[in-house]
Amino acid sequence: MEWQQLEYFRTVAQIQHVTQAAKKLSISQPALSRAIARLEEELGVPLFDRQGRSVQLNAYGKIFLDRVQQALVQIEEGKKEIRDRIDPDQGVISLAFLHTFGTNFIPEILGEYRRINPYVRFQLTQNSFSYLLQQLESGEVDLCMISPKVDKKGIRWESLMTEELYLVVPQGHRLSDRDQVSLEEVAGDSFISLKEGFGLRTITDQLCEQAGFLPDITFEGEEVTTIAGLVSAGLGVSVMPVVKGIDFENTVLIPVSTPICRREIGMAWMENRYMSPVVHRFKEFVLDFFRN
């Protein structure tokens, strides 16, 4: 059963005349008659009572017409929804990003883009690095802003910016009055970090490895606000960027001299997957935003 057959059936049912219906549909009358006959054969019942070229729905036809009209309305709404979604001026963009980006540059980017594209809508997702990659690969999101760099077949990743990471210690810590430190100086301290699977946790583990030690992680969380709060309570140290909106009261952020503590932030998308015009336009806007 094809969508076109349903449209033909509905038109004949409305006009109740095969020749006139064929004219309206811009097809030949024999072609229309064959299409209706195939539909009836597939259903196993006649749908019309025929009187020459005039036809009238029978009981089966009335039942089927009700369902066909509902189905065609749903199809048209689906087509419209797709058109609206990909419309570069008022479509929908599904954007995913790490928790630490939510107060830093994401609001600035979205604010600037909405200023010039006021009818575009965004569906926003925040989660861990590994979970966001799963959503990207499954097609649940269009674009991901994540760190560290993604090196995976099928995923394109473009660098946007680098961000300095600091050693965060509680006030009164033995290193709190230093202008800078080497990360190996806290090899014996308790670390507070995000859980495994979060991008910042991966970077922290890599930096500690470069400094020659395995961090003693005594607390793991899912929010940077929790991490900052635990550090301020004197429960350990952490490696974090400056995050707007996070209360760093009772803590000290110290630049790290060795190893170089930075993270590279980029945007990822699926390389060989269809990208709608609205998503493509936003992607190019973001790339230009950081280039400039």
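Helix axes are lines fitted to C-alpha atoms over the stretch in contact, and the angles between N-to-C directions run from 0 to 180 degrees. The model described here is predicted, so local features need pLDDT of at least 70 and side-chain atom pairs count only at pLDDT 80 or more, whereas totals for chains, interfaces and linings use all residues. Residues are numbered from 1 along each chain as its sequence is written, and side-chain values use heavy atoms, with hydrogens and water left out.

The axes of helix 1 and helix 3 (residues 29-43) come within 10 Å and cross at roughly 105°; helices here are DSSP runs (H or I, at least four residues) numbered from the N terminus. The two helices are therefore roughly perpendicular (65 to 115 degrees). In their contact (heavy atoms within 4.5 Å), Gln-5, Tyr-8, Phe-9 and Val-12 of helix 1 meet residues of helix 3 including Leu-32, Ile-36 and Leu-39.

Phe-9 also belongs to an aromatic pair. The structure holds 12 such pairs (ring centres of Phe, Tyr or the six-membered ring of Trp within 6.5 Å; planes under 30 degrees apart are stacked, over 60 edge-to-face, the rest tilted). The ring centres of Phe-9 and Phe-64 are 5.3 Å apart with planes at 55°, so this pair is tilted. Because Phe-9 lies in helix 1 (residues 3-15) and Phe-64 in helix 4 (residues 59-86), the pair ties together parts 55 residues apart in sequence.

Phe-101 and Phe-105 form another tilted pair, 5.0 Å centre to centre with 40° between the planes. Phe-101 is buried at 1% relative accessibility, and Phe-105 is buried at 7%.

Conventions: Buried means under 20% relative accessible area, exposed over 50%, partly exposed in between (1.4 Å probe, protein chains only). Angles under 35 degrees count as roughly parallel, over 145 as roughly antiparallel, 65 to 115 as roughly perpendicular and the rest as oblique.
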